[in-house]
Amino acid sequence: MGSLDSKTYPGPFIVVDISRKSEDGLSVVVSPLIRIHNETTFSMALRFQRPQQVETEFASVLLKTGDTIDDSMAAFDSINVSGGLKKALLSLSVGNFLFSFRPEITDDLGSSKRSLSVSWSDDFKGGKAVRLTGIFDKLNYKVWKAFSVEHVKCSFSTAHCSLKAEGAHIGNMHFLIQSIGRNVPVMLPDKSGDPSENRNSPVALQEQKEIFLLPTCNDFTHNIHVGADQYTSIGSDNIGNQATILCGSTVDLYANPTIIYFTVTITAFRSSCKPVNSTDWVKKLNKQKNDVYHLDIDLNFGGGKYFACLRLSRGLRGVLEAAIFTSYVLKNDTDFALFLSAPNQKSLSRDEAQKFGSSIPPEIGLFLPPKSTGSWFLKSNKVRFKLLEGKASESLLDLDALSGLTEISFETEQVSGFKHVTKLGVSLGPSLSKVAVPSQIVSLVPRYVVVNESEEVIIVRQCHLEDDMEHMIHINSGHKTPLQLHMGSSKKREYSLFDNFIRKHRNANDDSLIIVQFQLKDTGLGWSGPDSEEPETIGSGSSVDYVWDDSTLPHKLVVKIDDIHELREINLDKVRAWKPFFKSWQHRRFPFHLPLDNRPSDQRRTNFGGLNGIEMIKVGYEVYADGTTRVLRICEFPDNHKGDKEFQSCAKIQLRVPCFAVHLLEHGKQDVDASEPSDYTTVIVVKLEHINMDSIFTNQHKFNQIRVQALNVEQKWVGAPFAALLRRHQSEYCEINDSILRVVFVLISTNSNVTQVKNSSIILQPVDLNLDEETLMRIVPFWRTSLSDSKSQSRQFYFDRFEIHPIKIIASFLPGDSYSSYSSAQETVRSLLHSVIKIPAIKNMVVELNGVLITHALITMRELFIKCAQHYSWYAMRAIYIAKGRPLLPPSFASIFDDSASSSLDVFFDPSSGLINLPGLTLGIILL
């Protein structure tokens, strides 16, 4: 085609956004001027025309669900057409257009066999703001950012299409239309090629628009199978206005946004609630002065016998979201069938519950088969749990009192005299729904689970039930099974006087004395048993591995050398340098033979077998750590051992820091342009004053002490309710010049790859903790995960003694409200506070955190931090239960350090009487 045959057509406008999002370079985004989205569940036929055109001059296009059309596509399509159709397509590029639409309805969508048809909607002009009436106008919403810049305008309109069956009008389908736009400057393309000309001056402003075709309402059920009807039906073709909604699913409805009647039917019970008229609630919302983001309406079923809730809110696109939920959802993640009922309601038997199944009326109770989920419809949230296994006892739990974690147990009497005990862990978590609703998930899981990660089939049993084949569990490779406990006395089991004392006075929920044994099936090997007395003979240069299946037992071995009748008990938990087997007073008994003695060596043998006295003095042992393994090495120590222990050198280091402060800053203005200078404001300031660090180094030890006289965390953001988040508690016994924090740790000089700590002690004076929710939300964005590789091997520390003294906190907490500007991380933390922990408002409450005292711990610093955090979180949850006045307690736990330490003592806080208590036993008066 020659140049004479070529033609020039007006092209589309394109919008170019250039911004500096980072220091690496510029971000360039190219987008069209007009874009129309179909976010309905129907294919939509669109019809475009200019305002001045007659009705027959229009352009049409079919837009499927989820598809988009823009003005650039229309501009290129207009090349091959002419006349009024060409002008209609080009009207999109200049923004001067009208368009109408209608959904594509097939005959199989209706419940009748009548032929259906849909008329075109009224002509719509984008950008024209229309005030929505009814419930839409009263509920606030978050504007979705269609563009990557600010200063956008958002407007809404509604349109409806008439629905006909065989020519007769049977109803209307209503649609919500959202327009988001902004003004952009228009610059003509450069044709001169002269770089000296000023090409930066815009000639006009043009509106860039995003238009969304939407349903008027999204119905969502969190945990209920319901049928929802949103308008009075005419005939039987309720297309887009009535639907059956499965549990956890969402449907789009096309009801009249001005007046909506909600009628909810629970299909499982064939029960409908009283219709809810949105107009009635609009009158109540008119009295509200503040912004309302959601509206909760109680749904009454069965004449007030059970209830659910309907939450109305505006979605990100302005669509009315109707979520149907209950306050609590029970999730049974066990292999047992459970029946739940109100405390005053008669429980059903297993046969009766299975006969009704899921159709049990809610006023009677809730049947939960294994691995199932159900909703709690009753008004009272006090639940009686029944295990449908034999004649088990029942357990009562107040769901409103539950915060975080707890446990329930069921006991079944057996003929053998044992009690069959099934323990379940109970946890509270937020709902995982698409719409934020105040519904919590109560999960029930086995308290103890045995996991077989070996390649063999194993048999598991509880210790001291050796003759009871019924209680043995076979677990295949790669499988897991819950562990059921058995309480009682065995005829063949004899307990010492001390054991009986401990068993009598211990906590009834304490399972630390229960021991589990396992055996490999069809291998001929015996049971892994406590207190093994089978000897192992280790030849010179050989080794043998040991493992303890009971972490509560001390890791000790009894060693006998070369037919010597004297035994030596060695604790493998205690990492220690080389020491001889026998003390000096034993050395004096060794016979000393002169070199002139000509008797054969076998005639000079003593009661020490093949070793004479001189050789026996050199034989000793050492215990060291090789990774997570403790190694007992029996060897002859070099002759220079004595010289190594002599004092060689000493060095001292002192460091004084008058003040050290850390400021946490946030953007003073949210959603600012990254190219503009940032404006920061201070959130909190952490101040440490008069920091003293003293260290003394010798060839054997490194003594270190850190003292901090003052520690303050001050709130600096405007409007903070407290002056200080953390500070020293002022009392009449407080010494101003005393250190608020003192850390002492003594390291042992060694060439081992494990850092050995002889002693470590942390003391914190009583503090005031004043926390409000808004300050906490401002701190959340500073949390981040470590950049280090989690798979890399961490340095291990051996603590001969580690202690954290009991901590007293005078705590205050002020709950807050949710804001639309909160990020997903902030919303997650807020959901944790209100849905899981459910922490109430607290003022000057004394919280006593028990201390930690461990010995001989081989652990990494990360593991130590996590396990201490678990320890303190348990007591923090206990304090929350006390603050709420609830009798529940978090579930008891075994040693948080497992086999990392030979002993882990929970030091109880009782400074007034000077007593330190252990579980079931008082040791006496000890100064902390």
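These legends walk through several close-up views of one predicted model. Because the model is predicted, local features need pLDDT of at least 70 and side-chain atom pairs count only at pLDDT 80 or more, while totals for chains, interfaces and linings use all residues. Residues are numbered from 1 along each chain as its sequence is written, and side-chain values use heavy atoms, with hydrogens and water left out.

**View 1. Phe-42 and Tyr-254 form a tilted aromatic pair.**
The structure holds 11 aromatic pairs; rings of Phe, Tyr and Trp (its six-membered ring) pair if their centres lie within 6.5 Å, and planes under 30 degrees apart count as stacked, over 60 as edge-to-face and the rest as tilted. Here the centres are 5.3 Å apart, with 55 degrees between the planes. Phe-42 lies in the loop between strands E3 (34-38) and E4 (44-49) and Tyr-254 in the loop between strands E15 (250-253) and E16 (261-266), so the pair ties together parts 212 residues apart in sequence. Strands (E, at least two residues) and helices (H or I, at least four) are DSSP runs, numbered from the N terminus. Phe-42 is buried at 9% relative accessibility, and Tyr-254 at 1%; buried means under 20% relative accessible area, exposed over 50%, partly exposed in between (1.4 Å probe, protein chains only).

**View 2. Tyr-306 and Phe-377 meet edge-to-face.**
Their ring centres are 6.1 Å apart and their planes stand at 75 degrees. Tyr-306 belongs to strand E20 (residues 306-314), and Phe-377 to the loop between strands E25 (372-376) and E26 (382-387), 71 residues apart. Tyr-306 is buried at 5%, and Phe-377 at 8%.

**View 3. Helix H4 (residues 278-285) has three named buried residues: Ser-278, Val-282 and Leu-285.**
Seen down the axis of H4, they fall within an arc of 65 degrees (taken from the directions from the helix axis to the C-beta atoms), so they line one face of the helix. They pack against helix H3 (135-138), strand E18 (276-277) and strand E19 (294-301), where contact means heavy atoms within 4.5 Å.

**View 4. The largest nonpolar core has 61 residues.**
Such a core is a set of buried Ala, Val, Leu, Ile, Met, Phe, Trp, Tyr and Cys residues joined through side-chain atoms within 4.5 Å. Leu-340 is one of the residues with the most contacts inside the core. Apart from this core lies another of 44 residues, among them Phe-797 and Leu-849.
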